Amino acid sequence: MNTMWANTAQFLEDYGQDILRLTGDHLLLTFMAVLIAAAVAIPAGVLLALCSWRRLASVVLGVVNIFQPIPSLALVALVGVLFIALDLPSIGLAPGLVALVVYALLPIIRNTYTGIRQVDRTVIEVATGMGMTSRQVLFQVQLPLALPFVMAGLRIATVWTIGIATLVSLVGAHSLGDLIFRGLSRHRIGLILGGAIPAILLALLFDWLLGFVERRLTSTGSKADGLPT
Amino acid sequence: MITFEHVSKTYPNGVEAVKALSLEIAEGETLVLLGTSGSGKTTSMKMVNRLIEPTDGRILIDGQDVMAQDPIALRRQIGYAIQHIGLFPNMTVAENISVVPRLLQWLRARIESRVDEMLSMVDLEPSDFRDRYPLQLSGGQKQRVGVARALAADPPVVLMDEPFGALDPITREQLQNEFLELESEIKKTIIFVTHDVFEAVKIGDRIALLHAGELQQLGAPREIIESPANEFVSQFLGHHRFQLSLLTRTVRSILEELQITPAEAPAQRPTHRLRARSSLIDALDEFQTAGQASLPAYDREQFLGTVTKPQLFHAVAQVLGEA
């Protein structure tokens, strides 16, 4: 027992700095990927939901869906190959980020689309009937009512990205995956756990944190709480 | 005044929802569009605020063709209330009520006082209800907020699509009665859509009975019930005719027929009293609960005279004889 603690302490002394730095890199990579994906996917989801030509939505969502069943490791590799083919630097932040963004797009775009589409048509009609312009209907009624859905999409995207970000070490983007792969190649269990445990904790933490925000947003009006008795 | 001139709505698939509808709604009048689903009543109403656009004919509000007006500006001048689902669930009661005033960019202080005024008008305590969300309201409370919202910007014309549709019978009756009182005070031009003939008779100054997009009969409730224009109208009224006749006679009609005049008003506001606009059925109810031989009748706060139980029974018997 004592030796185990001593070993752990020694390990943390040796690698603590690395773990902290890579956790920071991991988070930074995740945030960049989710932010870029959100900046594209939220407007895209809104436009798809508002587009009167229904086929467009099914085509776009279908295309985005294609990426989902591709194993994440294969996608990361494919992006690497794509970068080589395009004569771009295939090692470093860029290919890793691109792979993560592609993955994060789907849950956000799908949830935004669903969030806007699920708003009761009667509510939209009454808003129009009261004299709101279509822009006012969007910003004052549809988007607020879609917000819990959008938040759920962001939460799912963030948790996925934290997981998949461990893989992009393979194309040279820094993340907690660095430790895991180093440990795997050297048969060092300590290194593997030093990368895996923080990654798992980050995923759980953000799932809880964003879930909390999501519930808060929902409880303001769209959910029945504090009902008078 | 609202005028329908040969208004038709034909959908691209050939369905004729409304066929050459012509009618006039006087200022301050409540016109009920009555019919079953598919009769064209809601379509007719929605053409007034251009949620649906007519394919033929014209709708004029005070002589102005609605199709020649900016739809956004037009809608902000027309109150609109529908079944309770129409409240915005993401907005508080105050925000819901103030939607149109905010669209019209009223000053904040004016909006706040207007919200409280409207809440009091529909008997909801402002401090208690202002900040609630629709999901924290009962069905009847939602409906009151819906009515308050439709009237908030003081529009001259109000459209109401089955506003009491989704309520239990008791709350519904209570809201209808309150609406009648409110209506006599605010004097709006109201188009009220319903499928319920009892509600139509109770609420409407006149009723337009529609079937398959065509106007079957237009007239005061009593006219329609006592002289149905065609086979469809009498079938629509069906076996309810006797009950409906009792609904169309009011306490006021007893006072007028018997030439009852106010002798001396009770010194205090009595607990049990008849309202001039109450139907004979409501009056019978009131006598039942009061357990008195006679009751004073009021038009809002004005004392009109005293009606005795035998006088009421006599009026009922008259209807019985006629029906």
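# Reading a predicted two-chain model

Tutor: Chain A has eight helices and zero strands, and from the N terminus on its elements run α-α-α-α-α-α-α-α. Please keep in mind throughout that this is a predicted model.

Student: How many helices and strands does chain B have?

Tutor: Chain B has 15 helices and 13 strands. Its radius of gyration is 21 Å, close to the 20 Å that the globule rule gives for 323 residues, so chain B is as compact as a globular protein of that length.

Student: What do the two chains span along their principal axes?

Tutor: The C-alpha trace of chain B spans about 60 × 50 × 35 Å, while that of chain A spans about 70 × 55 × 25 Å.

Student: Which share of the residues counts as buried in each chain?

Tutor: A residue is called buried if 20 or more other C-beta atoms lie within 10 Å of its own. In chain B, 43% of the 323 residues count as buried, and in chain A the share is 38% of 229 residues.

Student: What can contacts tell me about residues that stand apart in sequence?

Tutor: Consider the contacts between residues at least 6 apart in sequence, and ask what part of them joins residues at least 24 apart; in chain B that part is 65%, and in chain A it is 74%.

Student: Where does the domain assignment place the domains of chain B?

Tutor: The assignment gives domain 1 as residues 2–238 and domain 2 as residues 249–322. The centres of these two domains of chain B, taken over C-alpha atoms, are separated by 30 Å.

Student: I would like to study one helix carefully, so what should I know about helices in general, and what span should α7 of chain B have?

Tutor: An α-helix has 3.6 residues a turn, so residues three or four places apart point the same way. Helix α7 of chain B covers residues 139–151, and at 1.5 Å a residue its 13 residues should span 18 Å; the end C-alpha atoms are 19 Å apart, which agrees.

Student: What should I look for in the backbone angle phi, and which value does Asp154(B) have?

Tutor: Most residues other than glycine have a negative phi. Asp154(B) has a positive phi, near 55°, and its place is in the loop between α7 and β7 of chain B. With 13 C-beta neighbours inside 10 Å, Asp154(B) counts as partly exposed.

Student: Where does Lys187(B) lie, and is it buried or exposed?

Tutor: Lys187(B) lies in the loop between α8 and β8 (189–194) of chain B, where its phi is also positive, near 50°. Lys187(B) is exposed, with 12 other C-beta atoms within 10 Å.

Student: What pLDDT does chain B average?

Tutor: Where pLDDT is low, the predicted coordinates should not be read in detail. Chain B averages a pLDDT of 89, and 99% of the residues score at least 70. The model as such scores ipTM 0.81 and pTM 0.80.

Terms used: Residues are numbered from 1 along each chain as its sequence is written. Chains are lettered from A and ligands numbered from 1 in the order in which they are written. This is a predicted model: local features need pLDDT of at least 70, side-chain atom pairs count only at pLDDT 80 or more; totals for chains, interfaces and linings use all residues. Helices (H or I, at least four residues) and strands (E, at least two) are DSSP runs, numbered from the N terminus. The expected span of a helix is 1.5 Å times one less than its number of residues. The radius of gyration is taken over C-alpha atoms; the globule rule is 2.2 Å times the number of residues to the power 0.38. Two residues are in contact if their C-beta atoms, placed from the backbone, lie within 7 Å. Domain bounds come from an automatic or database domain assignment. pLDDT is the predictor's confidence in each residue, from 0 to 100.
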